[in-house]
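Reader: I have a model open and would like to learn how to read it. Please take me through it one feature at a time.

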Amino acid sequence: YHDKFGAGNAYRYRIRAVIDTQREHGEKIFDRIRIGGRLQYRHDKFHTSSARLRWGYRNQNEATTFSGYDQSEYLVELGHTWRPWGDKRTLSATVFGEARRAEADRFSYNEIGIRLGARAPLNDKTDIFGRVSTYSRNYRADTAGFSREDTRLKATFGVSHKYSKNMRTEAYVGWDHNKSNNSDRAYSGLIGGINLRITWD
């Protein structure tokens, strides 16, 4: 992780590698590695742009789950944050594209989408936020020649509270809608959740 700040403009970049695993009832479900980099450039106190690249590979334990899901993933993302009043109130937009290539074509897809966000502080420790995201995902044809296509729209509103330098919670409610030509994958309904984030220096 590296930062460089000048009298006016500033840039920041981060290189990150993550290895994670999921287990259930003592059995491994999958292992995954992700390696990526993010570059952020602050034009002035009103505008900040960013770019992100990420590669990953997921190794599914076929003995305890199902076959064909081992996959490589490639992500590219471009974003911009605007502070209309030059303070902590922000509006943001991100466009992204992702490709996943699995052993079985029915798990391989191309995806393109956009995320919009707004955030405003209520006080020094509490923010309110709103997020809207949508994407179009097209799968490769399966062995029967069927090609699944999904279009998803998700909107949430919530509150984030910082308890300390290293601990923050977030609560949100919203709506999640997925339109699909596979009726088993189409859904629509209310969503909600509470997240707890703890970091260590």
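Reader: How many positive and negative side chains does the protein have, and how far apart do the centres of the two sets lie?

Author: This is a predicted model. The protein carries 35 positive and 24 negative side chains. The centres of these two sets are 7 Å apart.

Reader: What does the secondary structure of the protein come to?

Author: There are zero helices and eleven strands. Read from the N terminus, the order of elements is β-β-β-β-β-β-β-β-β-β-β. The C-alpha atoms fill a box of roughly 60 × 35 × 35 Å along the principal axes.

Reader: What share of the residues counts as buried?

Author: Of 201 residues, 26% are buried. The accessible surface is about 13,200 Å², and carbon and sulfur atoms make up 55% of that area.

Reader: Now the strands. Which way do strand 5 and strand 6 run, and how many bridges join them?

Author: A general point comes before the case. Side chains in a regular strand alternate between the two faces of the sheet. Here, strand 5 (residues 71–82) and strand 6 (residues 90–102) run antiparallel, with twelve bridges between them. Within this pairing, Tyr-74 stands opposite Ala-99 of strand 6.

Reader: What joins strand 6 to strand 7?

Author: Eleven bridges do, and these two strands are also antiparallel, strand 7 covering residues 109–121. Gly-97 has Ile-112 in strand 7 as its bridge partner. Strand 6 and strand 7 form a hairpin, with six residues between them.

Reader: How is a pair of aromatic rings described?

Author: By two values, the distance of the centres and the angle of the planes. With ring centres within 6.5 Å as the rule for a pair, the count for this model is four aromatic pairs. In one of them, Phe-66 and Tyr-69, the centres are 5.5 Å apart and the planes stand at 70°, so the pair is edge-to-face.

Reader: Which other ring pairs with Tyr-69?

Author: Phe-107 does: the centres are 4.9 Å apart and the planes are at 85°, so this pair is edge-to-face. Tyr-69 sits in the loop between strand 4 (47–60) and strand 5, and Phe-107 in the loop between strand 6 and strand 7, so the pair ties together parts 38 residues apart in sequence.

Notes
Residues numbered from 1 in each chain as written. Predicted model: local features only at pLDDT ≥ 70, side-chain atom pairs only at ≥ 80, totals over all residues. Heavy atoms only, no water. Pairing = 2+ DSSP bridges. Helix = DSSP H or I, 4+ residues; strand = E, 2+ residues; numbered from the N terminus. Buried < 20%, exposed > 50% of the residue type's maximum accessible area, 1.4 Å probe, protein only. Areas by Shrake-Rupley, 256 points an atom, 1.4 Å probe, with all protein chains shown as cover. Lys, Arg positive; Asp, Glu negative; His and termini not counted. Charge placed at Lys NZ, Arg CZ, Asp CG, Glu CD. Phe/Tyr/Trp six-rings, centres within 6.5 Å; stacked < 30°, edge-to-face > 60°.
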